[in-house]
Amino acid sequence: IFDQTFDSLFHLFSSESGSAEYYTWFMRLLTAGFMRRDPQRFIPFLDDSHMDIESFCKSEVEPMGKECDQPQIIALTEYLGMSIEIAYLDGRAFNESEGLNSVIFPDEISKIVSPFKVHLLYRP
């Protein structure tokens, strides 16, 4: 994968049912496993439709085609020990002085010190 061209990587990660889905599925399994390992950490994030971490992981974390939310992002960043900044492309006019509206995981109170940060764009 490291000797690919931009075009071949773009095709690899954007084609449905391609190799990228295996990577996504693997990350989902890592996330679910981490959440199951420390359920008390993630129970406060659950809504009324999920009473426990097991049902949440089976219905919201493991299945492909589900969007991830705050608990999944927190679990994955903590498990991998890395930082992620998600910039929201929500259709608002861009103001150069303010920049994009973004959220950084883990937050500043976390004890994780990441050697690098992954930047993602989210368009609802």
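Predicted model: local features only at pLDDT ≥ 70, side-chain atom pairs only at ≥ 80, totals over all residues.
Visitor: Why is Glu85 called buried?

Guide: Buried means under 20% relative accessible area. Glu85 has 18%, so Glu85 counts as buried.

Visitor: Why is Lys117 called partly exposed?

Guide: The relative accessible area of Lys117 is 36%. Partly exposed covers values between the buried limit of 20% and the exposed limit of 50%, so Lys117 belongs there.

Visitor: What makes the contact of Glu85 and Lys117 a salt bridge?

Guide: The N to O distance between their side chains is 3.8 Å. A salt bridge needs a side-chain nitrogen of Lys or Arg within 4 Å of a carboxyl oxygen of Asp or Glu, so this pair qualifies. The pair links distant parts of the chain, with Glu85 in strand S1 and Lys117 in strand S3, 32 residues apart.

Visitor: How do you know that S1 and S3 pair?

Guide: Pairing takes at least two bridges, and S1 and S3 are joined by six, so they pair. The two strands run parallel, and Ser83 stands opposite Lys117.

Visitor: What makes S1 and S2 a pair?

Guide: Five bridges join them, against the required two, so they pair as well. These strands run antiparallel. Ile104 in S2 is the bridge partner of Glu85.

Visitor: Why is Lys58 called exposed?

Guide: Exposed means over 50%, and Lys58 has a relative accessible area of 54%, so the word applies. Lys58 also forms a salt bridge with Glu54, at 3.7 Å between the closest N and O atoms. Both residues lie in helix H4, four residues apart.

Definitions and conventions. Residues numbered from 1 in each chain as written. Heavy atoms only, no water. Buried < 20%, exposed > 50% of the residue type's maximum accessible area, 1.4 Å probe, protein only.
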